[in-house]
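This report concerns aromatic contacts and strand pairing. The sequence and the model are shown below.

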Amino acid sequence: SPRTTGRGARTNAPVTAPEVSTTMKFTAAILALALALGSASAFMPTRMSISGSGSGSGIESRRAFGTKLAGVVGGVGVGAMAPSAALAVRPPKFVNKQEGFYETKSGLQIKDAKQGTGKECAVGDRAVYEWEGYTIGYFGRPFEAKGGVKGGAFQSDQDYDRFIVGRGQVVPALEEAIVGMKEGGVRQLVFGTDLGYPFIGDEQEGKLVDPGHDKVGPKPHTFSGMRALNFVLENKGDNVDKTLLLNVKLVRVDQKGSKSF
């Protein structure tokens with residue numbers, strides 16, 4: 001546009017490069033902010049809970065929005081954003097297929113580590129067994145481990161656990177797996193919460209029916225084992241994988257109606 005010289009004369013000389021740069025920088029900054037807000041609006045949660053309940057709390061939603069907005073404003077395109085663990089979509093179930101295991105109709109995964117040669121266990125029998133337990137979905141921490149001296153005078157029948165098959169005295173996974181096992185056999189079991197220790201309501205609330213595991217076993221024999229198990233089971237939300245692994249050895253079968261029962 002025409003401009004005035006120092007002497008009052010008008011001229012059609014173009015605007016100098018420094019003036020164009022300043023104007024364009026200001027305009028570009030406004031446009032960049034508008035585009036950033038427009039792009040980020042696609043990530044805005046449709047509903048923000050202010051109660052703090054569930055995984056979609058207001059704090060978490062705002063953090064997720066803030067993270068994405070920072071990426072856009074920082075000049076990173078949406079398509080170029082690296083996936084974030086906090087924003088990843090969780091698979092429909094935690095329990096993955098384990099190599100070497102076969103899966104039953106209930107979803108229980110079993111591996112026969114050793115075939116037994118003695119009496120076969122059936123519903124109504126009393127199963128005498130020893131076991132190990134691990135929070136396989138949470139760092140594989142043991143909550144029951146047989147690390148002591150075994151055999152001879154150091155081990156007696158009192159060292160074993162026992163239950164009557166079919167009475168719900170142990171988790172459904174163990175009830176199912178023990179049927180058909182023979183004395184001396186060893187099985188590994190991998191299962192989720194639906195076949196594990198019972199919860200009150202939604203498992204994500206972390207409220208166990210029997211926190212001491214006195215009614216529904218197997219029960220860890222040490223305080224540290226109980227704490228390790230319950231730390232995982234009583235964790236609220238879906239951030240902790242509660243999949244468990246049990247190693248079970250069937251020591252003896254007391255058949256229903258026999259003298260030893």
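A residue counts as buried when its relative accessible area is under 20%, and as exposed when that value is over 50%. The model is a predicted one. In it, Tyr138 has a relative accessible area of 19% and is therefore buried. Phe139 reaches 67% relative accessibility, so Phe139 is exposed.

**Aromatic pairs**

Across the whole structure, a search identifies 4 aromatic pairs. Two of them are set out here.

| Pair | Centre to centre | Angle between planes | Class |
|---|---|---|---|
| Tyr129 and Phe163 | 5.6 Å | 80° | edge-to-face |
| Tyr138 and Phe139 | 4.7 Å | 75° | edge-to-face |

Tyr129 belongs to strand S5 (residues 126-135) and Phe163 to strand S7 (residues 161-164), so this pair ties together parts that are 34 residues apart in sequence. Both Tyr129 and Phe163 are buried. Tyr138 and Phe139, together with Phe231, make up one aromatic cluster.

**Strand pairing**

Strand S4 (residues 109-114) runs antiparallel to strand S3 (residues 102-103), and 2 bridges join them. Within this pairing, Tyr102 stands opposite Ile110 of S4. S3 and S4 form a hairpin with 5 residues between them. Gly107, in the turn, has a positive phi of about 100°.

Strand S4 is also joined to strand S8 (residues 186-191) by 5 bridges, and these two strands run antiparallel. Here Lys111 has Gln188 in S8 as its bridge partner.

Notes:
Residues are numbered from 1 along each chain as its sequence is written. This is a predicted model: local features need pLDDT of at least 70, side-chain atom pairs count only at pLDDT 80 or more; totals for chains, interfaces and linings use all residues. Side-chain values use heavy atoms; hydrogens and water are left out. Rings of Phe, Tyr and Trp (its six-membered ring) pair if their centres lie within 6.5 Å; planes under 30 degrees apart count as stacked, over 60 as edge-to-face and the rest as tilted. Helices (H or I, at least four residues) and strands (E, at least two) are DSSP runs, numbered from the N terminus. Buried means under 20% relative accessible area, exposed over 50%, partly exposed in between (1.4 Å probe, protein chains only). Two strands pair if DSSP finds at least two bridges between them.
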